Amino acid sequence: MAGSHSDPLAHPEVRQGSAMRYIAGFVSTVVLMGAALIVTMRHDLPYQSFVELVGGLAALALFSQATLFYGLDISRAQIWKGVSLILTLPLFIITVGLTVWMFQSLNQRTMVMPTSAAAASQPTLLQ
Amino acid sequence: MANETAPTANTQLFRPGYHGHNQISARTLGFWLYMLSDALLFTALFASYAVLDTPMNAAGGPVASQIVNPIEGFWQTIAVLGSVTCYSLATVAMKNGKRGGTAVGIIAAIVLALVFLAFGVNDLATLAAHGDGMDRSGYLSAYFVLILTHAIHMGVGILWMLVMLVQIPLFGFNDMVVARMLNLRMFWQFQATIWVCLYVYVYMIGA
């Protein structure tokens with residue numbers, strides 16, 4: 001926790017606000033999402049490579065937001081936000097990963113799809 | 001530690017106004033922890049969406065590639081990121097003690113948020129009008145719930161901004177108002193973070 005301040009506008013979380021940083025956050029996220037959109041519209045990559053590339057661009061956009069929008073760093077005013085986020089990230093991965101894994105197993109064993117419907121369908125994370 | 005008294009049933013974890021606490025830091029850290037739990041709510045919805053995003057769960061109804069438009073989603077991305085940037089710039093004006101600049105930034109953020117919501121509501125209303133509402137299939141239920149949960153968060157953020165537009169001229173930049181402005185900044189930036197995940201997973205990978 002940061003020290004006490006009599007002037008609320010002198011608080012480190014107020015002082016950390018920066019127009020350049022926010023504009024950089026906007027531009028970097030829009031550029032990364034634009035690149036992901038181009039990859040999506042071209043439809044010329046195998047599904048697995050496409051997911052990895054678009055997922056990587058999204059991860060970069062999220063990192064850009066964490067540093068440029070939220071201003072997460074290891075300063076005394078921000079360190080506990082960073083620590084709590086790092087401790088929570090595995091929960092996100094476990095929640096989505098285990099759920100998809102469980103239902104993928106269930107899907108393969110019980111949800112037998114007619115061959116024609118399976119052939120016509122687009123791949124998803126469960127397939 | 002030797003000077004501290006033993007905790008009792010009346011021990012207060014946090015006492016508003018006690019100068020030994022930093023009021024703003026305590027509030028922003030508490031709100032950050034709330035946001036992480038809110039993020040887990042979205043994680044559960046994304047997990048449900050991943051499970052229900054199959055032709056089997058579409059039950060003969062439309063699948064993602066038939067209802068999402070990545071190009072329209074990109075305009076929504078620009079709108080929500082623009083809104084977040086405008087609100088963040090409003091807090092820069094607050095840093096400089098400028099009430100007018102803060103209000104202008106908040107109003108711009110509200111306008112862009114309404115543009116974002118208009119796109120989303122139009123999409124969902126069009127689907128429902130064609131008989132593909134949230135009760136049509138398991139997939140559409142997951143889709144509607146994911147989009148609507150984010151939209152409701154956006155609505156709450158707009159309401160919060162309207163409250164701040166009233167509180168800033170009423171109370172000035174005192175401890176409470178500044179803490180609320182900082183919490184709203186985190187909350188609003190969080191909406192952009194969720195949208196990036198939603199856009200990439202639903203609108204791009206699903207397209």
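I began with D44(A): its relative accessible area is 47%, so it is partly exposed. My scale calls a residue buried under 20% relative accessible area, exposed over 50% and partly exposed in between, with a 1.4 Å probe and protein chains only. I am working on a predicted model, where local features need pLDDT of at least 70, side-chain atom pairs count only at pLDDT 80 or more, and totals for chains, interfaces and linings use all residues. Residues are numbered from 1 along each chain as its sequence is written, chains are lettered from A and ligands numbered from 1 in the order in which they are written, and side-chain values use heavy atoms, with hydrogens and water left out.

**Entry 1: salt bridges**

I looked up the partner of D44(A). R42(A) forms a salt bridge with D44(A), and the closest N and O atoms are 3.1 Å apart. The rule asks for a side-chain nitrogen of Lys or Arg within 4 Å of a carboxyl oxygen of Asp or Glu. R42(A) counts as exposed because its relative accessibility is 56%.

I then counted salt bridges over all chains and got two. The other entry I noted joins E13(A) and K81(A), with the closest N and O atoms 2.7 Å apart. This pair links distant parts of the chain: E13(A) sits in helix α1 of chain A and K81(A) in helix α4, 68 residues apart. Both E13(A) and K81(A) are buried.

**Entry 2: chain A**

Along the sequence the pattern is α-α-α-α-α.

Of the 127 residues in chain A, 37% are buried. I also checked contacts, meaning heavy atoms within 4.5 Å. Among contacts in chain A with a separation of 6 or more, 57% come from residues 24 or more positions apart.

**Entry 3: where chain A meets chain B**

I counted 59 residues from chain A and 60 residues from chain B in the contact. The two chains bury about 5,000 Å² between them, and 75% of it is on carbon and sulfur atoms. Buried area is the accessible area (1.4 Å probe) that two parts lose on being put together, summed over both. In chain A, Y22(A), M33(A) and Y70(A) lose the most area to chain B, together 12% of what that side buries.

Which helices of chain A supply at least two residues each to the side that touches chain B? I found α1 (12-15), α2 (19-42), α3 (47-69) and α4 (79-110).

**Entry 4: aromatic rings**

My search of the whole structure gave 16 aromatic pairs over all chains. Rings of Phe, Tyr and Trp (its six-membered ring) pair if their centres lie within 6.5 Å; planes under 30 degrees apart count as stacked, over 60 as edge-to-face and the rest as tilted.

One of the pairs is F74(B) with W75(B), 6.5 Å centre to centre with 55° between the planes, and it is tilted. F74(B) has a relative accessible area of 14%, so it is buried.

Is the pair W195(B) and Y199(B) stacked or tilted? It is stacked, because the planes are at 10°, with the centres 6.2 Å apart. W195(B) and Y199(B) both lie in helix α7 (residues 175-204) of chain B, four residues apart, about one turn of the helix. Both are buried.

F46(B), Y49(B), Y139(B), Y143(B), F144(B) and Y201(B) form one aromatic cluster.
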